[in-house]
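Dear colleague,

I am handing over the structure we spoke about, with the sequence alongside. Please look through it before reading the notes that follow.

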Amino acid sequence: MGALNEGPLQLEVAGAGKRFGGVIALDGADLRLPRGVLGALIGPNGAGKSTLFDVVTGVTAPDSGRVRVAGEDVTGRGLAQIALAGVGRTFQAPRGFHSMSALANLMVVPSCRGDRLFTSLGRWGPARRRVRERAEAVLAKVGLEEHAETPYEKLSVGQMRLLEIGRHLMRDVSLLLLDEPTSGVVPSQQAQLGRLLGELCDRGMTILVVEHNLGFVMPLVSTVAVMDRGRVIRTGPPAEVQEDPAVIAAYLGVVEV
Amino acid sequence: MVFGVVSGSYLIVATLGFALVSRTEKFLNIAHAELILGGAFVTYWLSVLEGWPLALAGATAVVAIALLALVVGRVVYWPMRRSGSVVLLIASVGVVYILHGVLETAVKPGVYTFDGRDTTLLDVGGIRISGSDLLIVAAAVASVVALHLVLTRTGLGLRLRASASDESLAAGRGVDVRRVSSQVWLMAGALAGLAGVLLGLRGAISTDISFHEILLILSVSILAGFGSLYGVVAAGLLLGIVTEVSTLVIPAGYRTAVAFAMVILVLLLRPEGISGAMVRKQRA
Amino acid sequence: MTYVISIVALASIFSLLTLALNLHFGLAGLVNFGIVAYFAIGAYVYAIVTQPAPGALDQYTVGLGWPGWAGVTVAIVAAVLFAAATGWPALRLRAEYLALATFAFAEVLNSLLLNVREIGNGTRGLSNVVPPFEKQLPAGDYELWFAIITLATLVLATLALTRLASSPFGANLRAIRDDELAAAALGKPVGRFRLEAFLAGAALAGLAGIFYASFTTLVAPDLYTADITFTAFIALVIGGVGSNAGAIVGAFALFGLEQAIKVVPLSEGASQLASSLRLIPFGIGLILMLRFRPQGLAGRWAH
């Protein structure tokens, strides 16, 4: 994002506009996220961060503007379709499959022999076992290996969020969009989350995090975009953005470091 | 056409109580038609079998059904209010079975009519209409006006609208949500009881018609869009007129099917109904 | 003794229907208030295909007189086609509205069967319906063998459904039921999975309808009313939503009781009274279960 030319763009939003009834949620928002970057999207409440996420991930279609993922124009496509284009998104309130265990939550993700009606009566044992092994590995990666059989409803909020990310790691995702991942999470698990994001980014994942918890996100990311009233008003490295008077004016948040 | 308005008036009264509950308690209480049937039979029992004057019998029925609705609302639905609209919908099936079972056991199969229905045709400004029919239209007008006044002018109305939009917020502001809910049930029950009286005024009653009635009520509600009480007025009149007019072209047996087919079309093409409410799933 | 056999046969038939409902509602989370429609279509199409051509006194127009197995195939295909046609638009509606839409479709179908005499003789219905395996059964113990075949079908269906539920497909259905948005965010084709489950359930319901038609030897609109759908729902909730065993237990209890009331000789008045009275404990049982033990007697429903 910003002036530095950091290589090919994983995500590009150009002039996105969206209004809901009388309310203008997005007013020509521009965002450019290079590949392999860990970035933050911050801004005061009502700035349009979640709407921007919704537009990028296909939960709503923008009224104007374009969205490109890895060069491909995905404007107006639906949530599932954009997910298949390699985009993974978590939600403000953690979402998951509450009738299953943590491991089962992961196992259900990839396509597998036996996952359609007609093949469900056939032989899916070996394929399922392979999926299980993969799921166990991912579970370990997100640090939840002790909770494989824990029912989803018994997990803490932080664990649910880690699991949500884990689900996306079970498939082909190159762009991860996290919506307030530390909300409701205890500090020790926040640290765990931060480490995980850093590792993923080192391996080439592009990550964009919406956060109010500046203490968590500022030390973690290499670039920050600030939104206010439906537009991105400033982008750049965390240190510069924090000092910017326009940002401080728009955003009366106190930075807790 | 005139009969369409009468028909529509009845539908309005029948559906208003249902729509009220769907908006404030947030589920579809398909037992509403059983309440209406109950109102009709209580009126019958008091006026024909016990010899009470029709007006008194009707008024008592309204009160009785209001109380019945309150009991059902408090005993069955209130404890389950957090379980979600699907569970409440299924629970209302249970209530249908209980109420219908009681009615069917108490009432011998057959067709019943009220005595003292005024069926002589009067000439009102060129339109030929019976006294009973006029009463039905008047009742509808009175119900709509009364409900409107309650919702907009009284403290209850404000509290009701507050808890309808956000229960925890309203509770936080000191609204006694439980009491509001009870009052809603009383009003919905009263409207159902009144609809039952009107049902008897319109024609003969029997125990099997509650099924048909709930289909009509659902049809009106879907056309009106589930959030809106004023849409019910428009939808009720529309459906009343359409079903009466269509009997000129289509044999009577098809009438419910026609109403329902219209409803299916509305549900599929424009589920917001006439006045707009969230029906479609979130886009995935 | 014949009472018991007929009760077991009928309860098995409705167990098939309740299992179909469990697939729709328990596994896939679809509130199908019109499942009787597929039941009816299976029955009617089977009757129409296997009936001889209409005679002078009949009002129906089509009777193909084909052998039983052809009838079974065509009937199940018909039920699936109807489900495809009605499900494709209706499945995208939110829960209560799906319930209403499916309910509406079932009522329109019932109305058509009643009023369009050319289909199936209106209220008189089509009679002399025989099961596809009629010729293979020894005439002496016909009812016993009918019950045995029905039970065997029930066992097979249960095995198949259990395998389906534990398969990756079953897991997908549960995921979509639990959180549709989260499933879509993973790229799952939610609509397609739902439709597959819907069609499978409809096929099973249609099969149950064929058995029912063979059992009663008559298809008439009054036999296929919403009461069947709702009794199946009550049976499922009491037995345990999500559990095949629960579905069967519930179906045997409720439908078995209904059949017992019809079959055991009581005076006319008592029979009538009993069939009205049974509505009350059904309703009370449903509400008590929902309130105090929502997972039913056997199930693991998470709502």
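**Where chains C and B meet**

In this model, 39 residues of chain C are in contact with 43 residues of chain B, two residues being in contact if their C-beta atoms, placed from the backbone, lie within 7 Å. The side of chain C that touches chain B receives at least two residues from each of α4 (95-115), α8 (180-185), α10 (226-239), α12 (268-277) and α13 (279-292) of chain C, and α4(C) gives the most, with 14 residues. Helices (H or I, at least four residues) and strands (E, at least two) are DSSP runs, numbered from the N terminus. By type, the residues on this side of chain C divide into 28 nonpolar, 5 polar and 6 charged, where Ala, Val, Leu, Ile, Met, Phe, Trp, Tyr, Cys and Pro count as nonpolar, Asp, Glu, Lys and Arg as charged, and the others, Gly among them, as polar.

Please keep in mind that this is a predicted model, in which local features need pLDDT of at least 70 and side-chain atom pairs count only at pLDDT 80 or more, while totals for chains, interfaces and linings use all residues. Residues are numbered from 1 along each chain as its sequence is written, and chains are lettered from A and ligands numbered from 1 in the order in which they are written.

**Chain C as a whole**

Chain C has 13 helices and 2 strands. Its radius of gyration, taken over C-alpha atoms, is 19 Å, close to the 19 Å that the globule rule (2.2 Å times the number of residues to the power 0.38) gives for 303 residues, so chain C is as compact as a globular protein of that length. Buried residues, meaning those with 20 or more other C-beta atoms within 10 Å of their own, make up 58% of the 303 residues in chain C.

**Confidence in chain B**

The pLDDT, which is the predictor's confidence in each residue from 0 to 100, averages 81 in chain B, where 80% of the residues score at least 70. Confidence in chain B is lowest in strand β1 (residues 121-124), at a mean of 66, and highest in helix α4 (residues 85-106), at 93.

**The sheet in chain A**

In chain A, 6 strands form an open sheet of mixed pairing in the order β6-β7-β8-β3-β9-β10, with two strands counted as paired if DSSP finds at least two bridges between them. Because β6 (87-89) and β10 (231-236) of chain A stand at the edges with a single partner strand each, one side of each is left without a neighbour in the sheet.

With best wishes

Terms used. Buried ≥ 20, exposed ≤ 12 C-beta atoms within 10 Å, placed from the backbone.
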